[in-house]
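Please look at the chain below.

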Amino acid sequence: MSNSSTSSAAPNGWKPEQKHCIVHCCFIEVDGRRDVSNIYGGLKWLLDGLSKPRGIKTKGAGAIWDDSPKWVTVFPSVAIDKDNPGVDISIIRDIRDDDE
């Protein structure tokens, strides 16, 4: 996936299902200087960038259907790696929706 939230996931073969998913976001910090509440402040921008564009929202990668609690459960975490800082994102389809 591109670093830009304006790029689309569709050209890469990803189609977000209209189902609930789990998003794990691991914020990888250079050191332990920032407190967790400041780090997790980036979740809003990250989820907005992953969401499918629609309505007045014209930008988003389209990797998840929506960032509301109806569609996504988020598990954030923090790790320290001075050589490889960044954000590691995993999107997992919630298998509980398969019974519907």
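K52 counts as partly exposed, at 28% relative accessibility. Here buried means under 20% relative accessible area, exposed over 50%, and partly exposed in between (1.4 Å probe, protein chains only). K52 sits in the loop between α2 and β2. Leaving aside neighbours within four places in sequence, K52 is in contact with K57, G62, I64 and W65; contact means heavy atoms within 4.5 Å. K52 and W65 are 13 residues apart in sequence, yet 5.3 Å apart in space, C-alpha to C-alpha.

This is a predicted model: local features need pLDDT of at least 70, side-chain atom pairs count only at pLDDT 80 or more, and totals for chains, interfaces and linings use all residues. Residues are numbered from 1 along each chain as its sequence is written, and side-chain values use heavy atoms, with hydrogens and water left out.

The protein chain has two helices and three strands. Along the sequence they follow the pattern β-α-α-β-β. Helices (H or I, at least four residues) and strands (E, at least two) are DSSP runs, numbered from the N terminus.

The three strands form an open sheet in the order β2-β1-β3, with mixed pairing. Two strands pair if DSSP finds at least two bridges between them. β2 and β3 stand at the edges with a single partner strand each, so one side of each has no neighbour in the sheet. The twist averages 15° from one strand to the next. Axes are lines fitted to C-alpha atoms, for helices over the stretch in contact, and angles run from 0 to 180 degrees between N-to-C directions.

| Element | Residues |
|---|---|
| β1 | 21–29 |
| α2 | 43–50 |
| β2 | 72–80 |
| β3 | 86–93 |

β1 and β2 pair in the parallel sense over nine bridges. H24 has F75 in β2 as its bridge partner. Helix α2 packs on the sheet and touches β1, β2 and β3. The direction of α2 makes about 130° with that of β1.

Now the surface. V36, V78 and I80 make a nonpolar surface patch of about 240 Å². Patches take residues with over 30% relative accessible area and no salt bridge; like charges are joined within 9 Å, nonpolar side chains (Val, Leu, Ile, Met, Phe, Trp, Tyr) within 5 Å. A salt bridge is a side-chain nitrogen of Lys or Arg within 4 Å of a carboxyl oxygen of Asp or Glu. V78 lies in strand β2 and is partly exposed, at 35% relative accessible area.

Of the 100 residues of the protein chain, 29% count as buried.

Key. Accessible areas come from the Shrake-Rupley method with a 1.4 Å probe; for residues, only the protein chains shown count as cover.
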